[in-house]
Amino acid sequence: MKELTLSRYYRDDQCTLGSLVIHGRKHKPIYTLENPWKENKANISCIPAGLYRCSPFSGSRYKDVWQVNDVEGRTYILFHKGNYERDTRGCILPGLGVD
């Protein structure tokens with residue numbers, strides 16, 4: 001099992017930015033984009049800081065992605081592709097850079 005750490009380094013009323021590190025692996029930074037903090041409300045907020053397990057997920061819209069499990073009051077929080085805050089819908093968007 002791999003351990004990953006998501007560190008959030010910027011937050012405002014529009015978005016949350018972070019970086020994702022995969023422990024034990026040398027790689028370029030993986031940047032993340034999430035919704036701003038809005039009290040953990042579904043589809044509009046990032047999730048609370050904490051320790052979570054992730055599992056593979058494949059649904060009708062997003063195929064072969066990862067799901068964050070056991071977030072209190074929330075379901076279907078995925079790591080999936082996207083470019084803008086409007087693409088997050090409560091999920092985490094990994095990317096290779098930040099503009």
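**Close-up views of a predicted model**

**View 1. Asp70 lies in the loop that joins strand E5 (65–68) to strand E6 (77–79).** Strands are DSSP runs of type E with at least two residues, numbered from the N terminus. The phi angle of Asp70 is positive, near 60 degrees, in a residue other than glycine. Asp70 counts as exposed because its relative accessibility is 72%, the class limits being under 20% for buried, over 50% for exposed and in between for partly exposed (1.4 Å probe, protein chains only).

The model is predicted: local features need pLDDT of at least 70, side-chain atom pairs count only at pLDDT 80 or more, and totals for chains, interfaces and linings use all residues. Residues are numbered from 1 along each chain as its sequence is written, and side-chain values use heavy atoms, with hydrogens and water left out.

**View 2. Arg89 is placed in the loop between E6 and E7.** Although Arg89 is not a glycine, its phi is positive, at about 50 degrees. Its relative accessibility of 47% makes Arg89 partly exposed.

**View 3. Four strands form an open sheet in the order E1-E2-E3-E7, with antiparallel pairing.** E1 and strand E7 (93–95) are the edge strands, each pairing on one side only. Two strands pair if DSSP finds at least two bridges between them. E1 and strand E2 (residues 16–22) are joined in the antiparallel sense by seven bridges; Thr5 stands opposite Val21 in E2.

**View 4. Tyr9 belongs to strand E1 (residues 4–11).** Tyr9 is partly exposed, with a relative accessible area of 47%.
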